Amino acid sequence: MNVLNKLVDNMIASNMLKSPLIIDAFRTIDRKYFVPDNMVEDAYVDAPLPIGHYQTISQPSTVAFMLERLDPQDGNTVLDIGSGSGWTTALLCYIVGDKGSVTGLERVDALVEQGKQNLSKFRFNSHCHIEKAGETLGLPGKQFDRILVSASADTIPEELFSQLKPGGILVIPIRESIFKFTKVSDTQVDKEEFYGFVFVPLIY
């Protein structure tokens with residue numbers, strides 16, 4: 001058994017990974033392509049790793065936990081805020097398939113370029129891309145089926161709810177918890193909180 005499959009199997013055994021499509025994504029989108037060259041040997045350690053510019057690539061089991069809460073589906077439109085080196089963007093691109101789309105947003109110029117290069121290692125079509133984040137959070141004026149945020153906010157970013165389609169899901173760390181918000185309607189958003197996580201801060 002190779003080390004990637006061992007990592008995935010361990011996450012399945014610990015119930016962090018459950019959905020077949022998400023499991024396939026983890027087995028296919030190898031984390032080693034998204035870490036610095038000098039850290040490739042650590043790519044399968046279940047821990048966050050530095051990717052430069054005071055940013056990290058998240059711990060695999062935490063990414064698995066968040067994606068399971070996000071519940072992305074084939075054909076979904078997804079916004080990935082804080083795309084970093086592009087790993088979560090690539091995982092999501094695999095999951096939504098050619099009928100879906102994923103837009104990764106990143107504030108650090110060097111990581112935008114790094115993320116684009118890393119995505120180019122896979123045969124994704126134009127439905128999957130990373131771009132420079134603007135001054136406002138997300139992409140105001142657009143709506144998505146799913147929004148994933150991979151950095152910790154201090155407060156609930158209400159402006160993201162208008163960027164969710166009805167029935168859409170937002171998963172975001174807030175302080176030391178991960179929150180799942182489900183937009184039931186334009187006037188109702190349901191909330192679930194999961195305690196005990198640490199992320200780099202969300203800057204916008």
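User: How many aromatic pairs does the count come to?

Analyst: This is a predicted model, in which local features need pLDDT of at least 70, side-chain atom pairs count only at pLDDT 80 or more, and totals for chains, interfaces and linings use all residues. Residues are numbered from 1 along each chain as its sequence is written, and side-chain values use heavy atoms, with hydrogens and water left out. Rings of Phe, Tyr and Trp (its six-membered ring) pair if their centres lie within 6.5 Å; planes under 30 degrees apart are stacked, over 60 edge-to-face, and the rest tilted. By this rule, the number of aromatic pairs is seven.

User: What is the angle between the planes of Tyr33 and Phe122?

Analyst: Tyr33 lies in the loop between α2 (20-28) and β1 (49-52), and Phe122 in the loop between α5 (109-119) and β5 (128-132). Helices (H or I, at least four residues) and strands (E, at least two) are DSSP runs, numbered from the N terminus. The pair is edge-to-face, with 5.9 Å centre to centre and an angle of 85°.

User: Is Phe122 buried or exposed?

Analyst: Buried means under 20% relative accessible area, exposed over 50%, and partly exposed in between (1.4 Å probe, protein chains only). The relative accessible area of Phe122 is 16%, so this residue is buried.

User: Which residues do ring pairs link into a cluster with Tyr33?

Analyst: Tyr33 itself is partly exposed, at 35% relative accessible area. The cluster linked by ring pairs holds, together with Tyr33, the residues Phe34, Phe122 and Phe124.
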